[in-house]
Each structure stands twice: as C-alpha cells, then as structure tokens.
Amino acid sequence: MFDALSDRLEAVFANFRGRGALTEDQVNDGLREIRLALLEADVNFKVVKAFVARISERAVGAETSEALNPGQQIVKIVHEELVNILGRMSAPLELGSRSPAVIMLAGLQGSGKTTAAGKLARLLRKRGRQPLLVACDLQRPAAVQQLRILGEQVGVPVYAPVESGDPVEVARDSLAEARRLGAGVVIVDTAGRTNVDEEMMDQAARIKAAVDPIETLFVIDAMIGQEAVTVAKAFQEAVDFTGVVLSKLDGDARGGAALSVAEVTGRPIKFASVGEKLDEFEAFHPDRMAGRILGMGDVLTLIEKAEEVYTKEQADDMQAKLLKAQFTLEDFLAQMQQMRKMGPLQGLLGMLPGVGKALKDVDLDEGQVKQVEAIIQSMTLEERRNPAILNGRRKKRVARGCGRSPQEVNELLRSFDEMRKMMKQLGGTKGLEAMKSMRGMDPQDLAAQMSGIDGGGGLDMGAFPGMGGQRAAVGAGARGPAGGGRPQNKRIPARKKKKRR
Amino acid sequence: MEFVVAGIVIAVLVLVAFVGLVSGRRRPPAEPGPPRERAPSGSTALDTADPDTLVTPGPVDLGGPTTAEPEVTGPEVAEPEVIEREAARPEAPPLTARERFRLRLGRSRGGLGASIAGIFHRGLTDEAWDDLEESLIAADVGVDATMELVEGLRDRVKAENIRTGEGALALLKEVLRLELLVSDRTLHRRGEGTTVWLVTGVNGTGKTTSIGKLAARHTAAGESVVLAAADTFRAAAAEQLELWGERAGARVVRQSAGADPAAVAFDGYQAARAAGADLLMVDTAGRLQNKSELMAELSKVKRVLERDAGPCDEVLLVLDATTGQNGLAQAKAFLDAVAVTGVVLTKLDGTAKGGIVIAIQRQLGIPVKLVGLGEGLDDLADFDPDAFVDALFSEVAQDVDLDER
C-alpha cells in the first residue's frame, strides 16, 4: 500500500540527500516529481495542486536546522503535509454515552460496506461491546444473507426482518430490537448507492434521520481514482459522515484517494481494511500512513501487533537467548508461530522501514511458512536444539518426514546458521548498544530511529542474509552511515561449505 | 516498552531470515503456483465430492421471453425490490442500445463534457492545453497516457494548421476514437457445443451482477444458460448468483461455501454440457491482483475448466469505472494469470469517467466489450466507442433533453 508513492518520493530525494544546499531548480525538480507521483497515485489533481503549493512555499522558505540537511528538510515537510492532509491525529471510534450507540455505514456499490460491518462488529465484540448488525441493504440480492453469515462468523446477532422493502423502517425498528437484546451498539449496513442517484441518496439521509447515528462511516475503496472527491462530497452532503473507512488497502493501489478524501471533507479516516479475513481491520493512523508513504516503514503498528502477541516473559527469554546466541531451531519455530499471530507476513514486512520496497517482489504466502514449520517439526527435539548433529541420514529422514526434499532441509539449516551468526553480531557490542539506545525511547523517536530519517542509527536491513544485495541496489545511502551491512549476498560461499560436509 | 522492542528485534530477525530462506528457495526450482501436494487437482476434488451436492439446479426456465432485443423490460422477469425504481419511470419508448448508453452516460458526463468543451473557448492558449491535460487526468485517463495524447494532439494541431478550439476538439475526439478502435468487440461464441465465459476481477467490481445481467440477456434471446458459482469464498456469493439465476431464468451450479472453486467450474461445465446448454458463465471470487496465491488459484480454475471444456471463449475482467490508475495494474495481472480477452466496465452510471480503459487498451490491447449502467437486469450495454467518446464531450444541456424523455 502506498508503496509506489513512497518509491517515487524516495527516488526524488535520493538526489537531494547528502548534498549541501538546494538550488531552486532542484526544489522545482523535486516538486514536479512529487506532483507526478501524487497524480499517478490517484490523488485528486486539485488536492495535488494545493499540496505542492504548500510544499513549495515552505521549501523555498528553507527552514533548515542544524540537524537536517535541506533534502531531509523537504522530506520532513512533505511528511508533515501528508499528515496534515490525512488528518492531524488518529481518530478513534466515538460511541458516546447513549445506548444503543448507532454506527451507520454508507458508500458506493462494492466499496466493502457489508464486510466492514462484519469486521467492525467483530472488533467491537473483542472490545467487550454487544453489537447488533442491522441489514438495511435491501437492494443487492443476497446482501442480507451475506450479513447474516458474517454475523454468525463473528458471533454477533443480526437484525434482518425482511429481504426486501423499506430499509428506513428496518433501521428504525432495529433500535427497539437492540434494547430488547441489550445490545449497546447498533451497526447499520446500507445498500451501495451512486452519488448521482438522488433518490437513493435521499434514502440514506432518511435512514440516518431514523436512527440518529453517533458515527456515520463512509466506506471507500482504496483503489478509487479522481472521482473520490466528487463522491465523498456528495456523501458528505447527504449523510454528513463523521469518519471514513478505507477498504481494500491490502491491494497495491497507491491509495491517493485517501489523501483526497481527507483533504476535501476534513473528516478523519478511522479504519483501514487490510484483508479479506474478518480480523484484517485496523485503526487508521495518519502519521503512520504518511511515514509509510515516505518509506519510513510502519514500526508503530508493528510494535502494537507485537504487544498483542508477546508476553513480557517470552520477550525477556528471547532477548536473553538472542544476546547469548543460544537461539535454537525450536525457538525459531516458536517465533515463527508467534509472528503468524501478528498477521500476514507480507503485511508485517511492509511495515518494516525500507524492507517493503527491497522485498517487494518476494512473494510470501502462509503455505511457505507451513513448509518451514513442517521441516522443523520433522526433527527430533535434540536435532532442533543442536542442528549440527544433522548428518546426511538424518536429513533424509527429516525430508521424508515432512515431504520436502533434502535440499530444502539444507537450505533451511543454512539460513538458520546465517541468522545465528547475525544474532551473534547483534548480540555483540553494536547490537547491544542499539538495543539499549532503543530502550526508553518514545515510539515516535523509535520510528524515526529505525527508519533512519535522522541519519544514522537504526537497524540496517543490509545486515540480514539474502537482503544485502537488494539493499545496496536500492540505495541505502538514505539510511545514513549505520554500519554492519554486508555488501554481498553470502549465500554462495555458505552453500559451498555445506557441500564439503 | 523495552520488552516489546526486544520482541520486535527478534521478530525482525526471524522474519528477515525467513524471507532470505524463502526467496533463496524460490529461485532454483522456479516453480510457480502453490505446492503440489497441498492443492488437490480439480479432478481429484471432484472424485471425493458428493455428487448429490454438486449440482443444485435452479429453476430451469429456458423458455423465457423471446424478444430478440436485449431490452427486456424489468418487471416481467425481475423481483420488485430492485426493479422498482426502474419501473417507476414513466413508460419510455424503447431506446436503442446507443441511446441507452448515452442516456446513462449523460448523467455522469456533465463535469468532464462541459469542462472539455469550454476549455478552448478562448483559443489554443497554453493555459487551455494545461486545462485539457488536467481534464483528462481528472477522468482517470492517467498521467502518461494524457501527456502522450495531448502532446500528439498539439503536434497535429500545429502540423494541420488548426487555429480554432472547435477544430482541436474535433481532432481530439478523433484521436480518442482511434485509440479505442478495435476490430472485434463481440463476445466470442462457439460454433458448436457450450460456449464458456470466465468472469474475473478484484473485489466489489460487480462480477456477479454483470453475470446476472448477461444471463438475462441471453435467456431472453432464447438460449439456455448455466451459471457456475465458483466464488466459494465470500459469504452469500452463491446465494446472490442464485437469485440472479432465478431472475434471469438460468440454472445455477454451486457447492457449499469453501469448496474448491476449480471443482465448481468443472462441475459447471459438466452440468452445462449434459443439459446441452448454449452458454456457461463461471463466476469467480473477487481477488486483489497482488495476492499471488489467489491469482494462482484463479489460473487453476481456468486450467481445470479448460481441461474438459477446451479454451474459454471469453475471459472477462470486470472493472469498476471508479477505479483509478490501479485499473491498469489489475488488467496486467489478470492478463498474465488468465489471459483476459475483454473488459466489462461497470458502474458507469455514476460520476466516474472510466478513463483508465483508454490506458488499458493502449498498453495491453484489451478492449472494453460491455458496460454496466445500473443495478437493473437490463442495465448492460455493448461498449460503443463512438458513443463513449461523444458522451465524453457532450454538453450538459443534451443530457437534460434525454432525461426528460
């Protein structure tokens, strides 16, 4: 998500970085690139104009500081302006004190309202609320049935008295039903409607009037183009929504519409839908998203996800092992399983600063994780703890046990070996310092640190196996002088070593 | 806080090590698609499936109204709730496909049509050219395509010594028409046996709805149509297709939720062939084009389907007209995965301009074959490039005229 936009901006600023003062020409070059990148990212052209004008004004004023060179300064300005457009602060769901609190969803056809309703219900239920789903999409065939199934999947009651008829009535009656069931939150799913269809827009307004929602969420597809502005304005006029849900953000659309909508309507984007599964729904964080656009990674989300799945004991234990380089295949397996709880690997990768880009072409699917798991699980406990004892016969046995080839077993062992070596390095002086310096930092600083936007510090992804080459190609110059990067991929010598055995 | 940092450092390490592993492993075998042992091939899945659950015949109403024209009036075939609004319109005289197309486009064309027409009213100034660029970008034509189009137009205007705005505009229309020129926009049929169309696209573009409309069109022409509900992922997708099948009088083949879509497609063909149906349409689950696993699944659906049915006569990509530049990426990915032969451009009745199809045809050579213009059973029209371009430049006033009918 937003990858391509961050690529473009990074390419622009790759020239800026490391130079002394910026000439006006350079600034203009950069601005032109920013303009093009934003347009290609489907940001509305009017929004682009305003955006570039603001950047230009601030960049020419050249508020340089001692800490940042002018190139970095522009990155900072662009980042700040992006945050400005995306909404200055994270906006949580506002449920008020009245019961039932009503949330209404509205949007174009196929934007993902019904799915969002299911996801929202799941989220609220996880937070200890008692939601009730209300099926007011009486337009699309089987939409009611779809909501019923989703309700069943997330364990939330669904009020769906009719398959056809007047949705306004259904909406109105749902309040009594909610009181009867003791449901504190009512989520009203409505039919998709075109912004030029006055009759349907009026219906949306009438549904809204009937239930008086505290939150009206406008669901919009992250892939939408220039029309985002027109559509958002029309919906704002009709139902005056309080927040936006950005759906299908797991696609590779550049998602410029998010910028447009936030800018034009002034309403915050509250949620991002990032997958087809019902738990792939998260709070939208403008600052993080802006960071992501600029290739700063999304360390904060990663931290949040890690917090959900790691206990303190586990982490302490791991840290100790890491520092003493006593990391075994067993631990590796456990870590991998933990990590999968954090979400799809591809998504996690995208959150790491600089990584999403370097590994854009690497396909990760959960099936591969399972294969690796299977290989490890086919080993005896002793083998997992001490892989050195794996000789040819044992490897063959393991390969048979998991249905993979012995070569694949070898590859896994080799990778594991490299990872251990790296951990040793990290566990040594430099890594310890890095870790210490990370402690007690506030998350913002940590994000900046890891992304290296302030130059230096942070984790250099080039230090990891299989990535050295890619990083170098991408121009790690942006990352400051953080050392430890292996310029070459060490795989080939490693393989030779294995053969000798 | 700090324990989390440790956790992250570990997670990063493991993740990166794993990626190194995977990317390293991926290279040598160069084996696309999901691992063999995990994915049962379509035929084996069939063998294990309970034959009773395979085919759920919908109401077979093959007779249908036998009007040759696709102008089926809604109320005859459809359920009231969707058609209501259509029916509420005063009895309009039957429109030709082109008129309908323009009428619906007209609603959405106000902005662009008017703006382009007004651009050159002060002559061929630099400002006007910039405005033209902007208008095309605003129509989602895309930056690259717009730059090329406008540059080409400027050169020709100079070469042909055109001085007036009208002249330039006429030339632009001609250029756009040429861009959209393609020899064949028909939906391909088989001379003999059951024609097979595979319908694909990302989530929420209107695949199922388009199939419903297409089914209605062909049953109305007296053909027998079978629909295969190979979207086994989304909740109630098969039910949705069944409802469309009921309305259109087409038989629907489905399995339980979560079934192997390739097996459903395979069954669909078996059922269609056994019934001697004229047309089989296979509905597939929406999938984002960057999910390689799902794209591989789609390739498999096509492969398994074609094993018995022979090559698909059409592989349609359903594209939402509101889609911006990502539409091109979608077309590319689906072209790679299943060799798309045509685009169905849906939701063109909104304000969306659908300009991305120009880039799609320019770069990939995939023509638009159909356009979706609403939620009614007959809101589907053949793509008419002349009407598309004309409508692109039609004035608001003209739309009002049409609306009053």
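**Close-up views of a predicted model**

**View 1. Strand β4 of chain A is enclosed.** In this predicted model, six of the six residues of β4(A) (residues 185–190) are buried, so the strand is largely enclosed by the rest of the structure. Val185(A), Ile187(A) and Asp189(A) point one way. Val186(A), Val188(A) and Thr190(A) point the other way.

**View 2. β4(A) pairs with β1(A) and β2(A).** Five bridges link β4(A) to β1(A) (residues 101–107) in the parallel sense. Ala101(A) stands opposite Val185(A). β2(A) (residues 131–136) also runs parallel to β4(A), joined by six bridges. Here Val134(A) has Val188(A) as its bridge partner.

**View 3. The eight-stranded sheet of chain A and its edges.** The sheet is open, with mixed pairing and the order β3-β2-β4-β1-β5-β6-β7-β8. β3(A) (158–159) and β8(A) (281–283) stand at the edges with a single partner strand each, so one side of each lacks a neighbour in the sheet. β3(A) runs parallel to β2(A) over two bridges. Val158(A) in β3(A) is the bridge partner of Leu133(A).

**View 4. Helices α8 and α9 of chain A on the sheet.** α8(A) (residues 198–211) lies across β1(A), β4(A) and β5(A) (215–221). It runs at about 175° to β1(A). α9(A) (residues 228–239) packs on the sheet and touches β1(A) and β5(A). Its direction makes about 160° with that of β5(A).

**View 5. Helix α13 of chain B.** The 18 residues of α13(B) (residues 292–309) should span 26 Å at 1.5 Å a residue; the end C-alpha atoms are 25 Å apart, which agrees. Buried residues of α13(B) include Met295(B), Leu298(B), Lys300(B), Lys302(B) and Leu305(B). Just after the helix, Gly310(B) takes a positive phi of about 80°.

Technical notes:
Residues numbered from 1 in each chain as written. Chains lettered and ligands numbered in written order. Predicted model: local features only at pLDDT ≥ 70, side-chain atom pairs only at ≥ 80, totals over all residues. Heavy atoms only, no water. Helix = DSSP H or I, 4+ residues; strand = E, 2+ residues; numbered from the N terminus. Expected span 1.5 Å × (residues − 1). Buried < 20%, exposed > 50% of the residue type's maximum accessible area, 1.4 Å probe, protein only. Pairing = 2+ DSSP bridges. Contact = heavy atoms within 4.5 Å. Axes fitted to C-alpha atoms, helices over the stretch in contact; angles between N-to-C directions.
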